[in-house]
Amino acid sequence: MSAPGPAWYSHELCFWHDPGPGSGYVPVGPGIEPLRQFAVDPDLRRAEGLVKASGVMDRFTAVTPAPASDEDLLLVHVPEHVERVEAASAAGAGDAGVYAHVNYHSAQAARLAAGACAQAAIAVLDGRFDRAYCLVRPPGHHAEPDRAMALCLYNNVAIAARAAQRHGARRVLILDWDVHHGNGIQRVFYEDPDVLYISLHQDGLFPAASGGVLETGAGAGTGATLNVPLPAGSGHAAYLAVIDRVVEPAARAFRPELILVAAGVDAGGHDPMGRMMCTSRTLHAMTSTMCRLAGELTDGRIVFCHEGGYSAWYQPMLVLGTASAIAGLPAPHDPFLHSLEHLPGQRLQPHQNRVVEHLRSHHPLLAGQLSAAGPGPGGDH
């Protein structure tokens, strides 16, 4: 009997969400001319189009998600937050939180994004698919239980993790390689020993005071948060070193039953929202490793959820690199690779390596400071 293969979750209405016509996060006003927002979602439609045109989509089963229910959203968010998003969207435009602009379609798009990720997690747990990719908008990892933040309305990955726990998964690993720190995911699970949150992000980028190496969890969740704040300018070798020397040993120590990846592509070398140098080969290599690790630890159960990505020309290629790895295909031809691949910064630098070695020596999970028989990730509690 053949394996079920990967699933592709997306919905046309996710492309109809518009974060506004301002300049970056700044709304139109005195001195601010209306500008095509660099996070506008037709770019994501182009990414899906490239996956189709390349033939990679043929390896996936396409799934149209249903909107998340109130019950799903309330696994993470307070009722007042859901009401605020719905009201702002119903008004046709507005800010649902902190730098979280909405239009008329945004509330429904956000429910579809959260629903896709939760439904993909359950489908993978049930064995209907061996892995899944959710190409959805709006993103989610900044959204906190009581507020939207930085383009994120509902916390898609956190909702998926809670839905998986409700469905019977005890331990869930969340790896977040978006270039920004996922403050919302961290806040949701900071005291939860059964969810290991690993964030690989640019140090001090956004939110500026979030994602430091000393933030390792609290209470029963001590050691179940692992932040990897890499210096600006980190590239291919630095990211792969983190996956090999931090993520893999942490995952083996934690022993998850499901892996979720907050698969932002804004660490790409052409992205205006970050200062990292990843390429499509970086995303392909990281994705391939995580799929192999899932095969080792979770019977293959892994779900990738799209997060940030703001380069109109390079985001599609980064999505294709990710999708190709999920489908078990080689890294795609990348016409932009020549401008990034041979820069000296693509090699692991000493100041980048110090972050990796500090975590290996001092983080409770990696340094063996958590007992497998006591409280903490992977233990009995």
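Helices (H or I, at least four residues) and strands (E, at least two) are DSSP runs, numbered from the N terminus. The structure is a predicted model, in which local features need pLDDT of at least 70 and side-chain atom pairs count only at pLDDT 80 or more, while totals for chains, interfaces and linings use all residues. Residues are numbered from 1 along each chain as its sequence is written, and side-chain values use heavy atoms, with hydrogens and water left out. Most residues other than glycine have a negative phi, and most peptide bonds are trans. The points below concern backbone geometry.

**Cis peptide bonds**

- Arg137 and Pro138 are joined by a cis peptide bond, with omega near 0°.
- Pro138 belongs to the loop between β6 (131-134) and β7 (148-149).
- A cis peptide bond also leads from Phe206 to Pro207, where omega is near -15°.
- Pro207 lies in the loop between β9 (195-202) and β10 (225-230).

**Positive phi in residues other than glycine**

- Tyr99, a residue other than glycine, has a positive phi, near 55°.
- The loop between β4 (97-98) and β5 (101-103) holds Tyr99.
- Tyr99 has a relative accessible area of 42% and is therefore partly exposed (between buried, under 20% relative accessible area, and exposed, over 50%, with a 1.4 Å probe and protein chains only).
- Arg255 is a residue other than glycine with a positive phi, near 60°.
- Arg255 is placed in the loop between α7 (236-254) and β11 (258-262).
- Arg255 counts as partly exposed because its relative accessibility is 40%.
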